[in-house]
Amino acid sequence: MLTALPRRWARRLFGAFALQALALAACAQSAYEAALPADLSTAPALCERVPCRDVMPGATRFSERKGQPPYVEAWGTKDGKEALIGYVVLSTDVTDTPAYSGKPVVTLIGLDTAGRYTGIRILKHSEPILLLGIPESALKTFNDQYLGRFIGDNMEIGRSRPDEQVIGLDAISGATVTVIAQNQVIKMAGAAVGRQVGLLERTVRPPARFADDGSTPDWAALVDAGLVRRLVVRPEQVGLQRSAEPFIDLWFGSLDHPRIGRAILGDDGWKALRARLGEHDHPLFLLRTGGHESFKGSGFVRGGIFDRIQVRQGQDTFTFRDLDYLNLYAIKAAGAPAYSESGIFIVRSDAFSAAWPWKLVFLGNRVDRATGARSFTSFDAEYWLPDSHLEGGRPVVPKAEPTWLRVWRGRLPEIVAFASLLIAVATFHVIRDRQTRRASHSKGWPVHGFKYAAWVASVGFVGFGLLAQPSITQVLTWFHAILFHLNWTLFLSDPFIFLFWIFIIVTVFVWGRGVFCGWLCPFGSLSELLYKIGGAIGLKRWQFTPPRWLHDRLKWLKYAIFFGLLVVSLFSMTLAEQLAEIEPFKTTFLVGLFNRSWPYTLFAASLLGLSIFTERPFCKYLCPLGAALAMPSTFRWYGLRRKVECNRCKACAHGCGSLAIDDNGRIDPRECLLCLDCMIYYTDDHACPPLAKERKRRVRAGIEMTPIGRDGYFIPLHPVASDSTSPEQHHA
């Protein structure tokens with residue numbers, strides 16, 4: 001029977017791989033990384049490229065793109081006559097707000113002439129959770145909550161608050177960041193159209209009143225005062241190879257203020273410019289000091305439209321045509337940098353005010369390094385005149401609370417409870433030597449009691465409650481974000497995963513991967529609990545440990561899986577995210593065993609079933625996340641203590657469920673899950689053979705027992721020399 005166990009175990013492992021392959025074969029990509037027309041962002045006839053009728057029922061024809069940001073008019077039949085029935089807008093024409101993947105969810109949105117949403121359709125997304133985890137139908141259900149709502153309604157993720165006129169929207173469990181981004185996109189797109197067609201009140205900002213001391217600063221003074229600002233776009237931010245040379249390096253500033261106008265154009269030049277401008281005309285200058293990309297763009301050549309530069313102030317977006325552009329031949333300010341392109345752009349609107357903050361936006365395409373596909377993106381830098389340059393100072397401008405901050409505030413009690421759990425586990429490991437001394441082989445509760453409680457909390461509260469299961473997909477996503485385009489707000493939008501990863505990174509370098517993998521990983525804890533429960537209910541006779549020779553070969557499999565996923569992600573993040581379903585985490589916690597198609601359920605259930613009979617098979621042999629954390633564990637600061645006798649004594653090795661102790665008594669920190677059983681043996685004078693031998697010797701010899709020191713041995717007895725001097729002699 002014992003010889004058959006390794007073969008049976010290997011067959012089960014092979015079966016798990018087969019089920020995983022079957023699950024991937026059954027996957028339908030749907031809108032995930034769907035192919036879109038190459039000219040989707042520029043084609044005048046938008047509705048010849050995408051199914052506009054899906055979001056505008058009853059439409060018989062559609063106009064070409066109009067307005068800025070662009071939208072499409074939808075025409076239908078009313079009372080037997082053709083009439084305007086609504087508008088259609090493509091989300092990426094308005095904003096490229098990224099979802100959790102770091103890429104926007106390309107959405108088609110329909111509005112009727114009363115400003116109510118008539119349809120929402122996802123054309124393309126890059127969300128891994130919607131690839132093989134949560135079905136796309138869940139996102140459709142989320143979008144359906146907007147239908148019939150007015151574009152001016154205040155809609156937020158979470159509960160409704162009638163006293164604050166807030167309409168609550170149900171989120172998607174496990175995809176909070178995705179729906180928060182989608183809510184922003186849908187509201188911004190609707191408002192952008194509504195303001196242009198008169199469905200929402202148009203913004204009019206009071207003109208600025210400038211404070212002018214008559215001076216003419218040089219370039220350095222302009223920079224120090226914040227009167228000119230810089231916008232740099234790196235090649236890696238647009239999907240190109242990293243380079244010391246920027247993709248584009250821009251300097252810009254307002255020419256409304258006399259002090260800046262005189263510095264840039266000279267006194268005569270600024271007066272001449274003002275003479276050409278109307279009451280609501282607002283000039284700004286732009287310099288390109290680095291990079292080979294032009295800020296004018298190809299649209300300027302084709303039709304006099306500057307398609308790479310915009311100005312945004314609040315919810316208003318201002319674009320430029322050839323009539324809004326003037327040549328800038330020279331910069332008068334002393335010390336100005338060398339530049340290869342320059343120009344003056346004029347915002348012609350009473351909705352713009354130089355007293356309010358505004359942003360210069362550079363528009364472009366990001367190249368997906370994996371697929372070669374291009375997607376719309378933008379980069380911006382804020383500009384706001386200092387208090388000292390405005391009469392009465394800056395106006396009070398309420399800023400919208402960052403989305404991630406609203407998420408943290410809304411889930412504060414759960415965050416506090418989760419953080420407390422992390423702190424408690426970390427604190428236990430700070431004092432673990434004291435706890436293992438209190439424990440013994442026959443009385444392990446000082447360690448095991450806390451460990452089992454951590455497992456239960458990890459499974460129930462963290463896994464099934466918070467859905468906070470770290471995954472290799474997050475490692476891949478963060479790797480690509482750091483490599484190409486880092487956006488901290490994306491990571492902050494999921495507070496539990498954010499806090500978990502801070503905890504993981506710190507503890508891996510302090511104690512090794514075992515603190516997370518062995519104590520707090522929801523799936524690992526569930527696997528270990530099943531093994532313990534199996535032994536407790538009478539299945540111990542069928543439980544087995546793989547032989548050392550098999551373990552030493554299979555343990556490298558998880559590293560191969562990790563590096564395979566990492567390499568694949570460099571060529572195709574889509575395929576890497578599909579292959580990352582080797583992790584059964586989504587099926588077990590995010591979606592549920594009974595809410596997925598049978599191949600995923602069978603794969604996860606097989607791993608959990610196998611866990612009843614052998615300890616943590618997935619953690620030891622298949623987990624790519626465990627492999628990613630194992631490698632830095634080699635450089636942990638604090639390891640487990642060992643004695644000289646440990647290189648020949650096999651007591652600890654026989655009880656090591658993770659098989660992390662080799663034949664020479666050495667602990668492999670990459671495999672150790674910090675169960676601490678060996679540390680209980682380390683100071684137990686009844687279980688540790690060297691200590692037990694010494695204890696028996698002292699008992700036979702009548703030698704006093706001394707405490708066990710940090711080195712794992714009895715503190716030696718040092719004889720004290722007797723003093724024969726009498727008290728009287730001392731007194732004399």
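User: How many bridges join β8 to strand β9, and which way do the two run?
Analyst: In this predicted model, β8 and strand β9 (residues 248-254) run antiparallel and are joined by five bridges; along that pairing, Val 233 stands opposite Ile 248 in β9.

User: What order do the strands of that open sheet have?
Analyst: The open sheet has five strands in the order β8-β9-β10-β14-β13, with antiparallel pairing, and its edge strands, each pairing on one side only, are β8 (229-233) and β13 (325-326).

User: And which helix packs on the sheet?
Analyst: That is helix α6 (residues 258-276), which touches β9, β10 (281-290), β13 and β14 (341-348), and whose direction makes about 140 degrees with that of β10.

User: Switching to aromatics, how many pairs does the count come to?
Analyst: The count comes to 31 aromatic pairs; one of them is formed by Phe 523 and Phe 585, which are tilted, with 5.7 Å centre to centre and 50 degrees between the planes.

User: Where in the chain do Phe 523 and Phe 585 sit, and are they buried or exposed?
Analyst: Phe 523 belongs to helix α16 (residues 522-539) and Phe 585 to helix α20 (residues 585-591), so that the pair links distant parts of the chain, 62 residues apart; Phe 523 and Phe 585 are both buried.

User: Which residues form one aromatic cluster?
Analyst: Phe 252, Phe 318, Phe 352, Trp 358 and Tyr 383 form one.

User: Last topic: which ring does the charged end of Arg 541 sit over, and what does Lys 643 lie over?
Analyst: The charged end of Arg 541 sits over the ring of Trp 542, 4.7 Å from its centre, while Lys 643 lies over the face of Tyr 682, at 4.0 Å from the ring centre.

Technical notes
Residues numbered from 1 in each chain as written. Predicted model: local features only at pLDDT ≥ 70, side-chain atom pairs only at ≥ 80, totals over all residues. Heavy atoms only, no water. Phe/Tyr/Trp six-rings, centres within 6.5 Å; stacked < 30°, edge-to-face > 60°. Helix = DSSP H or I, 4+ residues; strand = E, 2+ residues; numbered from the N terminus. Buried < 20%, exposed > 50% of the residue type's maximum accessible area, 1.4 Å probe, protein only. Lys NZ or Arg CZ within 6 Å of the ring centre and 35° of its normal. Pairing = 2+ DSSP bridges. Contact = heavy atoms within 4.5 Å. Axes fitted to C-alpha atoms, helices over the stretch in contact; angles between N-to-C directions.
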